[in-house]
Every structure is written in C-alpha cells, then in structure tokens.
Amino acid sequence: MVRVRFAPSPTGHLHVGGARTALFNYFYAKAQGGRLILRVEDTDQARSTRESEAMVLEDLRWLGVQWDEGPDVGGDYGPYRQSERTGIYLEYARKLLEADKAYHCYCTDAELEAAREEATRLKITPHYNGRCRNLSPEQAVAFEKEGRRPTVRFRAPLRDYVLNDIIRGDVTFKDGMIGDFIIMRSDGMPVYNFCVSIDDVLMKITHVIRAEEHLSNTLRQMMICEALGVEPPRYAHVSLILGEDRSKLSKRHGATSVGQYQEKGYLPEAMVNYLSLLGWSSGSEEELFSVERIIELFSLERINRAAAVFDNAKLDWMNAHYIREADLPRITALMKPYLMQTGLIDGAKDENQLQLEIDIIRGNCTVLADVSTYYPIFLDRDPLLEEDGRAFLQLETSRPLVEEVLKRVEALSQALDGEMYKDMVKEAGKVVGVKGKNLFMTLRVALTGKCRGPELDLLVPVLGQSVVCRRLRWALEQMNT
C-alpha cells in the first residue's frame, strides 16, 4: 500500500509551499488508494510550539486535507510527534554504534570551526576531517576525563549514490560530497536527517514527496536507510515556488501563508485549485478543478521539473469564480463577518434580505473582503462619489438624462422591477440622444457613486422607488459642484 507523509515543522502558519506539498501528498494517497500520515517534526524545541502545531493543522483542515494517521487521530505507527520519539532515536543510534556504522566524536566547536577555516583556505569542500573516526578506547576515555561530551557521527560510506527521483530522474551523488555527519548531538538530541530516516522506515513510508530544497538531505537519508538494511522510500522532489520576479517566494512578495490568504478572503477551493496547478499539469486545457477531479487525474509523473511562478492575478481570477459559483447561504455566512466588522450591518439584519443583496454584488468581489466595498450601495444614504465617476456627471448629456429617468421613476404607480428599469433607460436615452457608455455609466455613477458594480437592473428593484429617486436627485446636486 502507498504510504506518504506530510511532516511540517510547527513554527507558524503553513507556508503556501508547504500547503502545495501537503496537497500533492494528499492527492497521491487518494489517487493510489493509500494513506497519508501527518508527522510533526518538532525537534527544534526553541521554535516549535503546540500553538503553532494547532495553526498548521487548522490550515490543513481549511484546505480540506484529510490525514489517516497523525498526532490528533492516532494510528499504528505513533507517536507522530518527533519530540515524543526520542527514545526510539536513541535505540537506533545505539544499534548503529554497535554495528560500527557510527561512532562517538569528541571534537569541540572550536576545533571544528578551525578545520572548516583551514578547508576554506585550501579551497576544498569543508567536511569533517575524520579525527575521531578511529579513536582507541584509551583516547575516548582521555577525552571523557577532559569533560568533553561526544556527539554521534554516522560513518558515511565512500562511494557514489544514485537517486532515481520520480520527478527529476537520476541524480548522482559523487563520493566525497559529504563527510561523516552528526546524528545525535552532545546533549542527546537527535538531528533532523536521522529522525526523518528512522521515522520513514518505522512508519513504512513508500513515497516521499517534498520540495527540491530537501534534495541535499536525501543522500544522508539514503545512507542511513542502507545502514539499517532497508530500502529507502521512492523520492519525488518538487521544484520551488517563485515570486513573479522569479526569486524564491517570500514575505516581500506579499502574503505567503495559508492563514494570510484565508484572512484576506480567499476560499479554500480556490487555493486548492490554484496550488494544485503550481507545477502539476492535468494533461488538459482545463484550469478549474474540483478536488475529486484532481485526484482522478493526479500522478507524480505529471509534476514539472521547472520552478512554478506564483501568479496572484490568476489566483484572484479563480477566487472570483468560486465566489460567484458558491452556494449562496455559505457565501453569505462567509461575507457577513466582514460587514459586521466594518459596521455596515448589525446582528438584526434580515438573513433573507442579506442573501439577496450579496447575490447581487458577489460577482464584483475578488475576495470576500470586497463585499465591504460594494455593500454600501444598499444603505439608505447618499453614495460616496468616486473621483473617476465625477467626469460622467459633468457630461453635457448627464443632467437631461438623469432628469428624464427621474421623471419616469417618480411617475410609477407600481413596484420598480429590472425590466421596467431597462425600458425606462432605453426610452430616456432616445429622448436625450445618448447611448452606450455615456448612457449606462452616467446612471451607474448617479445611483451608486461608482464606475464598477452590479448590474443596475438587478440593483434598482432592491433599492426601491424612493431610494432610486433620492439618489438621482443627489446626482443632480453633484452636477452643480
């Protein structure tokens, strides 16, 4: 059975790069009928917190990622936090020491730094110089008497290794690329690569799908698996996500975490759809996918080697699409907090009326927060005239047009509806001799103060006759200023 893992370090909200990795693991597990394991890599006690872990898990749930084993759901291969597995790592370090595949190293930080400086001076790759590789028992005892606390170093085999990466093809690691590396620190804490290797073996991970920045760790992990006498997982290293300037995506490009995008008003289905296409190709011209459809089409072989560029404009386009297509009660519930926070509505607002209003304006919203920009057109008050709309109220035809429409609306003896409004505008345009943009934009600005917004034939029935008349009179007043 395919078993994949997503292993975040809990140091804050989930980065979009990590989110994409989680999604690729989730899609692959589901596509192969396998299992997704969530493993928390929290051995960095200075930076890892349970609060951050909760944030990461919440971000994953928001995206719809469902794991089969993990710290919150359990499983047969736990514990699923590395901080709770220290005893396991100590036992495997002991086994490697007994098999002479690892050894105690008593070198001090100062000695190691001096060796690095010497290697730099000689222009050679700085590796551990092997000083403690073949210590005698007497030498070890002497170091112990000095009060030195040893690390445990892995005895790196001196030969080439070839990684058959599912995405990148054959990657050759030449003999001598790395020296003997530390697997246990002098304080007894295990090192990242050692933890990961042991966990992947014991949790029976079959495939490791992760970012290419981890490629440098793979040689160490392959060596450890070999020393334990087990086959390493299959590896698939996904290219990085770049900003639009083609540098590594970072805070200077704007929002970079899932939590930030959620706060800004992006929908999870838009984020999932967009992130799935960052480096993966469906093999079709489609761009809008449900999760079910992605899983149906997903394969690791369709992940591209080239770096993916994060295109905010495309994400915005997708998000606007999903806002338009979302179930109305759901999108109303999601937009309502933005209206409450900005004081545009209160708790007494009629839910059915709110749904009607949001349905009219959601087509103009790129993110959920945009609802606060357009909702004021429903309030019983004069519009706020945008500067780019003022020019339409200064046209030669504007006053006669607005006066003609006002006259017709005032004369109504029945409720104003959309078709009736369109007929009035058409007739008024003929009388005044105006059409096209100067006709429709003048009336949009007159009724909303804005050059952009919902279709007026949908809006005016909600506003009602008295509000429409009041706003047309307001527009006539603006023409005098």
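1. Start in the loop between α2 and α3, where Pro 79 sits; helices here are DSSP runs of H or I with at least four residues, strands are runs of E with at least two, and both are numbered from the N terminus. The peptide bond joining Gly 78 to Pro 79 is cis, with omega at about 0°. For background, most peptide bonds are trans, and most residues other than glycine have a negative phi.

2. A word on what you're looking at: this is a predicted model, with local features needing pLDDT of at least 70 and side-chain atom pairs counting only at pLDDT 80 or more, while totals for chains, interfaces and linings use all residues. Residues are numbered from 1 along each chain as its sequence is written, and side-chain values use heavy atoms, leaving out hydrogens and water.

3. Next comes helix α3, residues 86-98. With 13 residues, α3 reaches 19 Å from its first C-alpha to its last, close to the 18 Å expected at 1.5 Å a residue; the expected span is 1.5 Å times one less than the number of residues. Which residues of α3 are buried? They are Tyr 89, Tyr 92, Ala 93 and Leu 96. These four cover an arc of only 105° around the axis, which puts them on the same side of α3; the arc is taken from the directions from the helix axis to the C-beta atoms.

4. What covers those buried residues of α3? The cover includes strands β3 (102-105), β4 (151-154) and β7 (181-184), plus helices α6 (192-202) and α7 (215-227). Contact, wherever I use the word, means heavy atoms within 4.5 Å.

5. In general, an α-helix has 3.6 residues a turn, so residues three or four places apart point the same way. The closest N and O atoms of Arg 94 and Glu 91 are 2.2 Å apart. Arg 94 is partly exposed at 35% relative accessibility, and Glu 91 is partly exposed at 31%.

6. Two backbone spots to check. Asp 100 follows α3 and lies in the loop between α3 and β3. Its phi is positive, about 60°, although Asp 100 is not a glycine, and this residue is partly exposed at 46%. Lys 204, in the loop between α6 and β8 (207-211), also has a positive phi near 60° and is partly exposed at 48%.

7. How many salt bridges does the rule give? The count comes to 44. One of them joins the side chains of Arg 148 and Glu 146, at 2.9 Å from N to O. Arg 148 is buried at 17% relative accessible area, whereas Glu 146 is exposed at 53%. Elsewhere, shared partners join Arg 5, Arg 39, Glu 41, Arg 85, Asp 199 and Asp 200 into one network of salt bridges.

8. On cysteines: the disulfide count is 0, where a disulfide is a pair of cysteine sulfur atoms within 2.5 Å. For Cys 107, the nearest cysteine sulfur is that of Cys 132, 3.7 Å away. Cys 107 is buried at 13%, and Cys 469 is buried at 5%.

9. Last, Ser 276 in helix α9 (residues 268-276). Buried or exposed? Ser 276 is buried, with a relative accessible area of 0%. A polar atom of its side chain lies 2.7 Å from the backbone oxygen of Asn 273. Leaving aside neighbours within four places in sequence, Ser 276 is in contact with Phe 24, Phe 27 and Ile 294.

Terms used. Buried < 20%, exposed > 50% of the residue type's maximum accessible area, 1.4 Å probe, protein only. Polar contact = N/O pair within 3.5 Å; in protein donor to acceptor, adjacent residues only side chain to side chain. Salt bridge = Lys/Arg side-chain N within 4 Å of Asp/Glu carboxyl O.
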